[in-house]
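Subject: Structure handover

Hello,

Please find the structure below, with its sequence. My notes on it come after.

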Amino acid sequence: MKITLKDGSVKEYEGAISAADITKDISMGLFRNACACKINGEVKDLRITVGSDCDFEVLTFDDEDGKKAFNHTCAHVLAQAVKRLYPEVKLTIGPAIDNGFFYDFDCGDKPFSAEDLERLEAEMKNIIKENPDIERFELEPAEAIKLMEERGEPYKIELINEHADKGESISFYKQAEFTELCAGPHIMEMKVIKAFKLINTTGAYWRGDSKNKMLCRVYGIAFPKASMLEEYLQKLEEAKLRDHRKIGHDLELFMTDELVGKGMPMFLPKGYTLWRILEDYIRDKEIKSGYQHVLTPCVGTVDLYKTSGHRDHYQNNMFPAMEVDEETYVLRPMNCPHHMRIYANTPHSYRSLPVRIGEIAHDFRYEASGTLKGIERGRHFCQNDAHLFVTPEQIKEEFAKVVDLIFDTYKDFGITDYRLVLSLRDPADKEKYHDDDEMWNTAENALRDVLNDIGLDYTEEIGEAAFYGPKLDVNVKPAVGAEYTLSTCQLDFCLPAKFDLSYIDKDNTPRTPVVLHRAILGSLDRFMAYLIEETMGNFPLWLAPVQVKLLPIADRHLDYIYEIKAKLEAEGIRCEVDDRSEKIGFKIRAAQLEKIPYMIIAGDKDIENGTVSVRARHGGELGAMTAEEFLAKAKEEIEAKAINK
């Protein structure tokens, strides 16, 4: 039997052997760090027996799938601790996630408190110290159900019943008195869990359905080294400081209101000022690139979305339909169908293409309440959307222009930590996508060729395409937290055909255009959240809702301060006067908390000399200067879109 390792070397064995023993044979040091393995590309438990030739890779905590096995094992330790301390609690599921793990428990009417989490952590430490053997075994469905009935675990029985008709054996993991329904994999020994922390507890519906019972979800994280946990907790603290929801509240940028509705943030004057700056910025940039902007309604008929295919592929993310005058309407989740109809409104020839239609579009998606997060993820948002209608020959040039626009925009905002992802269809999950293999092969190959011709470095990810076509995603890495997509450009051969769009080609033959769906800032909401968290609210001068705070030392200096304010406003500077009867030190501290880029202070000496005293947010005292000198400095900084001020 030949086992081909990751480096291409081959090990030979006379008969069947466990994955653990193969790992030991490679290196005992590697075995001590091993969490799981991959056999022919599939993640497996190290306890599995290998009986034929295969590709073999050992996974450690440094590998994403190895880390998941590590965290999933800690989730089982948590469940065991819960059953020891609270035997009446019912178990549901406890998967590993990107940042640790969670376990959902049915605690009846008394969810876990912070004090309960402390007790659970202490018991988990006891279990890890005991280091019981972790054993994997399988039962036939009937036996599995009987076992869970004896243990009084109704949720486990429900899960088993879903697999019972498939004729598959049901796998379990046992550690001391605790037995858990689980597919695995798990690490070999729990004593390698050197550090862990239960982060918080929240409510969660069974299977994410609000019609089901509310459960108690406990989140946790685990590491093989205490120093790694300490580093992670420090990052959590930094994340709290950067949380756009807190900063947005403190700086009076936006608010939410339960009476208005979950996931429906409202922008306050300062927040809308920042919004308007972003909107004007990207619209002006697009106009210079030949875009025509439109305004379309926030609703459309169900037939519109049936034609586009969104009704079939995206219905779960759409708000319920509403009946009006014997027609059925929906709040739109995206506005590409509207733009398809705008293109169809006018005859086109190859000479008029490309047609670039842009819109700052209000869209609505029914996001699960548990996924809502301030303005980063809401049920109402505004997309910086555009659709480019091109001939096949224009794809490369137009796609390259979109990429240049993305990079040029990122330069203005100081965004440097990002990667490009070619998002493709998952052929094993065709129901998720428009059903046309030839179209998909054509679109994916075309997009891949374009990226290669442009010379971009990118990775490919299966299953991340839009339902109608492949796309290039630009994923940014924020200061804290996991990366996420900010900008996207999608290649679409599907919707133009669905809407029967055409143009007259050089030979007077009707042809179907290709559409590039693209969003540079993504949604303005999410982009603003990104900016807030990256800058911690310390916006550069050109973006700051209030650029200058004017501070009179005493009431007798107010007239002079208002004269300076008028001069600044006449030149487009956004400024406010703090005219409260407070000491100047108090006013300075208040302006610092509001994260105002510049403070202008005026007293008797300033009035006498016709100057102002200038204080920068990050540079401290800049000394006395005339209003004209300050204006020249500020306008130069704004024009340059300086980001480190």
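This is a predicted model: local features need pLDDT of at least 70, side-chain atom pairs count only at pLDDT 80 or more; totals for chains, interfaces and linings use all residues.

Residues are numbered from 1 along each chain as its sequence is written, and side-chain values use heavy atoms, with hydrogens and water left out.

Strand 10

Helices (H or I, at least four residues) and strands (E, at least two) are DSSP runs, numbered from the N terminus. Buried means under 20% relative accessible area, exposed over 50%, and partly exposed in between (1.4 Å probe, protein chains only). Strand 10 covers residues 100-106, and seven of its seven residues are buried. On one side these are Gly 100, Phe 102, Asp 104 and Asp 106, and on the other Phe 101, Tyr 103 and Phe 105.

Two strands pair if DSSP finds at least two bridges between them. Strand 10 pairs antiparallel with strand 8 (residues 90-91) over two bridges, where Lys 90 stands opposite Asp 106. Strand 9 (residues 96-97) also pairs with strand 10 in the antiparallel sense, over two bridges, and Ala 96 has Phe 101 as its bridge partner. Strands 9 and 10 form a hairpin with two residues between them. Strand 15 (residues 214-223) runs antiparallel to strand 10 and is joined to it by five bridges; there, Tyr 219 stands opposite Phe 102.

Strand 24

Strand 24 (residues 418-424) has five of its seven residues buried, so it is largely enclosed by the rest of the structure. With strand 26 (residues 471-476) it pairs in the antiparallel sense over six bridges, and Val 421 has Asp 473 as its partner. With strand 25 (residues 459-462) the pairing is parallel, over four bridges, and Leu 424 stands opposite Ile 462.

Cysteines

A disulfide is a pair of cysteine sulfur atoms within 2.5 Å, and the structure holds zero of them. For Cys 182, the closest cysteine sulfur is in Cys 74, 14 Å away, which is too far for a bond. Cys 216 is in no disulfide either, and the nearest cysteine sulfur, that of Cys 107, is 4.4 Å away. Cys 182 is buried at 8% relative accessibility, and Cys 216 is buried at 4%.

Aromatic rings

Rings of Phe, Tyr and Trp (its six-membered ring) pair if their centres lie within 6.5 Å; planes under 30 degrees apart count as stacked, over 60 as edge-to-face and the rest as tilted. A search of the whole structure finds 22 aromatic pairs. One of them is Phe 223 with Tyr 232, a tilted pair at 5.7 Å centre to centre and 50 degrees between the planes. Tyr 484 and Tyr 530 are edge-to-face, because their ring centres are 6.4 Å apart and their planes at 85 degrees. Tyr 484 lies in strand 27 (residues 484-492) and Tyr 530 in helix 16 (residues 524-535), so this pair ties together parts that are 46 residues apart in sequence. Both tyrosines, Tyr 484 and Tyr 530, are buried.

Surface

Val 260 is in the loop between strand 16 (254-255) and strand 17 (266-267). Val 260 is partly exposed, with a relative accessible area of 44%.

Regards
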